[in-house]
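Let's take a walk through this one, starting at a single side chain and ending at the ligand. Keep the viewer open as you read.

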Amino acid sequence: MNLYPKTSALMARGAEFLGCDHAILCGAMSWVSERNLVSAISNAGGFGVIACGAMTPELLDVEIAATRALTDKPFGVNLITMHPQLMELIEVCGRHRVGHVVLAGGIPPKGSVEAIKAFGAKVIVFAPTIALAKKLLRSGGDALVIEGMEAGGHIGPVATGVLAQEFLPVLAEEHLVFVAGGIGRGEAIAAFLEMGAAGVQLGTAFACASESIAHPAFKAAFFRANARDAVASVQVDPRLPVIPVRALKNKGGELFTAKQREVAAALDAGEVEMGEAQLAIEHYWAGALRRAVIDGDVEHGSLMAGQSVGMVTEEEPVATIIARLMAESETALARR
Ligand SMILES: Cc1cc2nc3c(=O)[nH]c(=O)nc-3n(C[C@H](O)[C@H](O)[C@H](O)COP(=O)(O)O)c2cc1C
């Protein structure tokens with residue numbers, strides 16, 4: 001018996017596309033979204049996504065195989081478009097017959113979408129504007145994620161509620177659009193589904209699940225935090241365009257400001273090109289996030305978290321979180 005008939009009916013397109021029971025993606029989180037969390041999400045009826053981040057093709061190869069060993073359900077792989085070995089990473093996904101590849105972090109470079117489609121996988125893209133969304137969907141993107149600035153990690157400037165109102169009426173009838181950023185309860189999921197979303201993507205809500213390998217100190221910081229503690233990084237030098245990152249306030253935020261000054265100075269001195277400078281910033285984030293997630297250095301590492309962090313108060317199994325989100329959505333829809 002389906003406990004969530006109304007929610008499932010609204011999620012039907014998204015769930016069919018993903019090949020899972022509930023159209024709830026756990027957004028890729030570098031260092032956090034590895035074999036354990038990804039398989040747990042997919043085993044619980046959601047859709048897990050491996051965060052490739054800065055992994056080499058060899059490491060991604062191992063991670064996909066290890067995830068397969070833990071679940072026979074579908075899961076995706078998230079690749080960062082500026083990764084210098086993007087095409088090799090795509091080849092690894094092809095060798096493993098990964099069904100869904102998410103391209104994050106910028107406009108997919110020429111040939112990448114085609115290479116993914118060549119082995120029959122679906123391509124999920126991000127787009128900050130409707131014009132770019134249309135272009136990406138025309139040129140091979142099979143589904144779209146719109147992500148508001150409430151989210152954890154790298155963010156754009158517009159709130160989820162505004163993006164949803166702008167994108168969904170225009171795109172949702174013909175295309176599959178998943179909404180991300182700031183979602184902590186099922187009532188919000190119900191609202192986005194009613195607006196036409198095919199499903200939703202959450203990160204912060206799953207980062208501290210029992211199955212997440214994040215360090216106990218990282219999880220404790222989440223359980224203590226409120227929405228207002230999850231702040232966006234500031235750009236200190238107008239010549240160095242850095243994508244803002246939302247994370248819990250700590251010393252690490254100050255270290256990032258210093259890092260930006262250092263990279264901007266190297267740029268001024270002609271020691272690095274702009275592309276290299278931006279890559280240096282991204283490497284910085286990958287290292288800082290690892291320090292917090294893996295080593296548990298919650299002072300100097302990066303505690304990437306979205307504004308929904310205030311709703312994360314204890315460690316729970318993924319299945320419990322998904323069941324609660326579905327039940328909350330169902331109750332909200334039944335009340336209509
Ligand atoms: C700790 C953390 C790490 C993240 N790392 C990545 C990443 O490597 N690649 C990516 O595309 N998104 C990343 N994200 C964004 C998530 O995939 C997801 O879209 C976002 O968390 C959704 O918003 P929410 O945090 O409000 O639920 C990260 C988010 C968090 C909280």
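Two residues count as being in contact here when they have heavy atoms within 4.5 Å. Bear in mind as well that this is a predicted model.

With that cut-off in hand, go to Glu34. You'll find Glu34 in the loop that runs between strand E1 (24–26) and helix H2 (35–43). Leaving aside residues up to four places away in sequence, Glu34 touches Glu63 and Ile213.

Now for its charge. Glu34 is buried, yet has no salt bridge. What Glu34 does have is a polar contact of 2.9 Å between its side chain and that of Asn36.

Next, move over to the ligand. There are 18 residues around the ligand, and Ala28, Ser30, Glu147, Gly182 and Thr204 come nearest. Strand E3 (76–80) supplies at least two residues of this shell, and so does strand E9 (199–202).

Which polar atoms sit by the ligand's oxygen atoms? Thr204 places a polar side-chain atom 2.6 Å from a ligand oxygen. For Gly203 a polar backbone atom is involved, with a ligand oxygen 2.8 Å from it. As for the wrapping, the ligand on its own has 610 Å² of accessible area, and the protein covers 94% of that.

Conventions
Residues are numbered from 1 along each chain as its sequence is written. This is a predicted model: local features need pLDDT of at least 70, side-chain atom pairs count only at pLDDT 80 or more; totals for chains, interfaces and linings use all residues. Side-chain values use heavy atoms; hydrogens and water are left out. Helices (H or I, at least four residues) and strands (E, at least two) are DSSP runs, numbered from the N terminus. Buried means under 20% relative accessible area, exposed over 50%, partly exposed in between (1.4 Å probe, protein chains only). Lys and Arg count as positive and Asp and Glu as negative; His and the chain ends are not counted. A salt bridge is a side-chain nitrogen of Lys or Arg within 4 Å of a carboxyl oxygen of Asp or Glu. A polar contact is a pair of N or O atoms within 3.5 Å; within protein, one must be able to donate a hydrogen and the other to accept it, and residues adjacent in sequence count only if both atoms are side-chain atoms. A residue is near a molecule or strand if one of its heavy atoms lies within 4 Å of it. Accessible areas come from the Shrake-Rupley method with a 1.4 Å probe; for residues, only the protein chains shown count as cover.
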